[in-house]
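Here are my notes on the model you sent.

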Amino acid sequence: MFPLSRRLLTQRSLLLHWRRNFAQVAVDAEKGPTVQNLPPFDYSPLPYVGPTADEILAKRREYLSPSILHMYKNPVNIVQGKKQYLFDENGRRYVDAFGGIATVCCGHCHPDVVEAIVNQTTKLQHSTVLYLNHAIADFAQALASKLPGDLKVVFFTNSGTEANELAILIARLYTGCHDIISVRNAYHGNAAGTMGATAQSIWKFNVVQSGIHHAVNPDPYRGIFGADGEKYARDVQDIINFGTSGHVAAFMSEAIQGVGGIVELAPGYLPSVYDTIKKAGGLFIADEVQAGFGRTGSHFWGFESHNVVPDIVTMAKGIGNGFPLGAVVTTPEIAEVLTHRNYFNTFGGNPVSTAAGLAVLKVIEKEQLQKNALEVGSYLKERLTTLKDKYELIGDVRGRGLMLGVELVTDRELKTPAKAETLHVMDQLKELGVLIGKGGYYGNVFRVTPPLCFTKEDADFVVDAMDLTLSKM
């Protein structure tokens, strides 16, 4: 416990914070962007009496892997979250426009999800899937009901990487082929198989990654064929013809590349590739780790907007609203291959995790969060597009629903990545009360993936803060 003097000091700081209401953004017709209040929010965080940001940073440096990085020049110490807002050690409120990397879908600490976790924890925290328990079966049934066709057999994991690893294994076992085709600029995880499928050098170590081929990225903004999806798809046929035996295990793709910088695939690409892969005897794996669970607004799953039905779907992140949980869903026929040997995951299907997952599905339905993602996301994208018209630094605004990207370039014609400017804007947005993500191979794309309870008022605040920052550059 910390001394009374420090606790009183923290409480005084909190009161002062609420009186001055730190962040204000507005637009004055003559002076240009100025500062205004955060959207009203009827919640006061508890006074924080834990270690400071500097103390935590010192511990991280001494005891955690040096590979674990932090954002911002002056790292923010987040101690509480509520709905679409986060609070630091001083009680300062931030609009969370990153959502824990597209993970928090229902909102931070949603009472229904918290209640489900607590209730299950008080009854049974863990046993084994070798015993019967209704939590895993109930969630599997509910999850299967959200998928098309015969996609109804679920295997639970603890993360998106685990889910994608299992999907690759299943495809190889089912087809008897080893070759996997993924798309350049993709991110599918950081384990043995998924690191191979990931197609950005910054995420790949120099270890054996066999049987993986990377197709030309159907990127409408930077791609060689613009938005012509069928032209990009021809590269997949070329890979099959000249890089494999003519038969493949699977094609694996995100509907919108998340880590790659919120890149939407060119229209017509996935249906064309789907036909090509089927003729080569392969399966189609849809990586819905970031785009799933209503985030894109128009559909519950990202692949649905491309009018294709995959053979295997992987998911994580939004599935648990921040609880460690992932899943692979496939057909009964394909799922059968795992019975040829023993395959087991100690924590996959844990009763607390699956209780959380079921609660998330219910909240998405009850609060119509997919519909909100469509409405607020469309509004936010429109407002961000107006900034593109205003500032040459913004090269592209893209994405669907509440999975949006804003790419910064120093030259629109050459599309030169504005890496330093991106970091500067991120830092300034934090000072104004906006936490936002960053991605893309060059680190020059803002990833806007807030909780799905985001409001139009939050969207206005984020765009106005960005407007203010850009106007000073």
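1. Y441 has a relative accessibility of 38% and so counts as partly exposed; the class lies between buried, under 20% relative accessible area, and exposed, over 50% (1.4 Å probe, protein chains only). Y442, at 39%, is also partly exposed.

2. On provenance: this is a predicted model, in which local features need pLDDT of at least 70 and side-chain atom pairs count only at pLDDT 80 or more, while totals for chains, interfaces and linings use all residues. Residues are numbered from 1 along each chain as its sequence is written, and side-chain values use heavy atoms, without hydrogens and water.

3. A search of the whole structure gives 14 aromatic pairs. Rings of Phe, Tyr and Trp (its six-membered ring) pair if their centres lie within 6.5 Å; planes under 30 degrees apart count as stacked, over 60 as edge-to-face and the rest as tilted. One of the pairs is F251 with F284, which is tilted, at 6.2 Å centre to centre and 35° between the planes. F251 belongs to strand 9 (residues 250-254) and F284 to strand 12 (residues 283-287), so the contact ties together parts 33 residues apart in sequence. Strands (E, at least two residues) and helices (H or I, at least four) are DSSP runs, numbered from the N terminus. Both F251 and F284 are buried.

4. How are the rings of Y441 and Y442 arranged? Their centres are 5.1 Å apart and their planes stand at 90°, so the pair is edge-to-face. Elsewhere, ring pairs link F41, Y43, Y85 and F87 into a cluster.

5. Two lysines sit over tyrosine faces: K415 over Y221, at 4.4 Å from the ring centre, and K456 over Y379, at 5.4 Å. The criterion is NZ of Lys or CZ of Arg within 6 Å of the ring centre and within 35 degrees of the ring normal.

6. Strand 15 (residues 394-400) is mostly covered, with six of its seven residues buried. Strand 15 pairs with strand 16 (residues 403-411) in the antiparallel sense over six bridges; pairing requires at least two DSSP bridges. D396 has E407 in strand 16 as its bridge partner. Two residues lie between the strands of this hairpin, where G401 takes a positive phi near 55°.

7. L130 is in the loop between helix 4 (111-123) and helix 5 (134-144). L130 is exposed, at 67% relative accessible area.
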